[in-house]
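This briefing concerns a protein chain with its ligand. Please read it alongside the sequence and the coordinates displayed below.

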Amino acid sequence: MRAGAIALYEEALREQTAGLIMRTADGRSLPLHVSRWCGPPDTADEEVLRYCRGPVLDVGCGPGRLTVALSERGIPALGVDISRAAVVRVREAGATALHRSVFDPLPGQGRWATVLLADGNIGIGGLPACLLHRCAQLLAPGGRILIEAEPGNVDEQLTAWLEHPDGRRGPVFPWARVGMPALLRATVDVGLQVVEQWRHSDRAFAWVAVRSSGQLLGNPAAKQG
Ligand SMILES: C[S@@+](CC[C@H](N)C(=O)[O-])C[C@H]1O[C@@H](n2cnc3c(N)ncnc32)[C@H](O)[C@@H]1O
């Protein structure tokens with residue numbers, strides 16, 4: 001999601017709009033779970049939280065239910081999001097967040113024990129291998145990336161926009177939907193490996209780490225020229 005695409009998202013955070021969707025260029029309607037993101041962690045989130053080691057960088061933290069839960073448990077956590085309204089909500093809830101893109105310079109590069117990509121955030125930017133490479137740069141040695149993948153066998157790069165139930169739509173942005181098989185392939189492409197994967201009801205998760213050789217491969221974005 002690009003900065004200009006978030007006005008409808010921010011309105012939905014404020015007003016808890018039901019029915020905000022991501023519309024794909026080929027006409028599909030993908031629901032956005034804004035009310036879940038604005039609520040407390042559910043049981044699937046709680047399992048993810050148990051895998052977190054501090055300090056945690058919550059990439060695309062949104063209104064910050066995970067960042068806030070970690071902070072309340074005494075685990076150092078920083079949320080990062082391009083939505084100013086989301087960052088304000090995290091701060092109002094007593095946790096720490098930065099209004100910035102994951103692709104911008106971030107504090108603590110190479111020192112985060114956990115990088116979180118929850119709620120399908122592996123889709124940020126539309127190129128999962130590039131995002132994985134970026135997250136791996138942020139990790140401390142021995143660190144982990146915790147990823148929520150799509151539950152099915154999905155692998156697609158999308159042009160999409162947000163659409164309000166009243167018909168208003170935001171500008172287009174690139175996004176990706178990545179199921180576990182595609183995530184396994186993308187991790188290999190950048191020198192990462194899936195250490196563990198699990199499911200919770202209809203949600204799929206993976207713990208990803210740098211391969212034991214410790215060698216990250218080149219940034220796929222550079223290869224694309
Ligand atoms: C699917 S929502 C995830 C919601 C969030 N994990 C939560 O707990 O509420 C995607 C989030 O990623 C953020 N985002 C999109 N592109 C981003 C980027 N380049 N850097 C950081 N955050 C980004 C959006 O603003 C949005 O809050």
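This is a predicted model: local features need pLDDT of at least 70, side-chain atom pairs count only at pLDDT 80 or more; totals for chains, interfaces and linings use all residues.

Residues are numbered from 1 along each chain as its sequence is written, and side-chain values use heavy atoms, with hydrogens and water left out.

**Ligand site**

- The ligand is surrounded by 18 residues, and the closest are Y9, G60, R65, D81 and D119; a residue is counted here if one of its heavy atoms lies within 4 Å of the ligand.
- By class, this shell holds nine nonpolar, five polar and four charged residues. Ala, Val, Leu, Ile, Met, Phe, Trp, Tyr, Cys and Pro count as nonpolar, Asp, Glu, Lys and Arg as charged, and the others, Gly among them, as polar.
- The side chain of R65 places a polar atom 2.5 Å from an oxygen atom of the ligand.
- A polar backbone atom of G60 is 3.0 Å from a nitrogen atom of the ligand, and a backbone N or O atom of V102 also lies 3.0 Å from a nitrogen atom of the ligand.
- On its own the ligand has 600 Å² of accessible area, of which the protein covers 97%; accessible areas come from the Shrake-Rupley method with a 1.4 Å probe, and for residues only the protein chains shown count as cover.
- The ligand sits in the largest pocket. A pocket is found on a 1 Å grid over the protein atoms alone, as an open set of points where a 1.4 Å probe fits, with protein on both sides within 12 Å along at least five of seven lines. A molecule sits in a pocket if more than half of its atoms lie within 2 Å of the grid points of that pocket.

- D81 is found in strand β4; helices (H or I, at least four residues) and strands (E, at least two) are DSSP runs, numbered from the N terminus.
- At 8% relative accessibility, D81 counts as buried, a term for under 20% relative accessible area, with exposed meaning over 50% and partly exposed in between (1.4 Å probe, protein chains only).
- D81 and V59 are 22 residues apart in sequence, and their C-alpha atoms are 6.6 Å apart in space.
- D119 belongs to the loop between β6 (112–117) and α6, and at 19% relative accessibility it counts as buried.

**Helix α6**

- Helix α6 spans residues 128–138 and is mostly covered, with ten of its eleven residues buried.
- The buried residues of α6 include P128, C130, H133, R134 and L138.

**Contacts and separations along the chain**

- D45 lies in helix α3 (residues 43–51) and is buried, with 2% relative accessibility.
- The side chains of D45 and R203 are joined by a polar contact of 3.0 Å. Such a contact is a pair of N or O atoms within 3.5 Å; within protein, one must be able to donate a hydrogen and the other to accept it, and residues adjacent in sequence count only if both atoms are side-chain atoms.
- L192 is part of strand β10 (residues 192–200) and is buried, its relative accessible area being 0%.
- Between L192 and V210 there are 4.4 Å from C-alpha to C-alpha, although the two are 18 residues apart in sequence.
- R211 occupies the loop between β11 and α8 (220–223) and is partly exposed at 30% relative accessibility; R211 and G191 are 20 residues apart in sequence and 6.0 Å apart, C-alpha to C-alpha.
- G74 lies in the loop between α4 (65–72) and β4 (77–81) and is exposed, with a relative accessible area of 61%.

**Backbone geometry**

- Most residues other than glycine have a negative phi, and most peptide bonds are trans.
- D119 has a positive phi, near 60 degrees.
- S201 also has a positive phi, near 45 degrees; S201 is in the loop between β10 and β11 (203–210) and counts as exposed at 63% relative accessibility.
- G54 and P55 are joined by a cis peptide bond, with omega about 0 degrees, and P55 is placed in the loop between α3 and β3 (56–59).

Methods: On a 1 Å grid over the protein atoms alone, a cavity is a set of points where a 1.4 Å probe fits but cannot get out, and a pocket is an open set with protein on both sides within 12 Å along at least five of seven lines; lining residues have an atom within 4 Å of a point.
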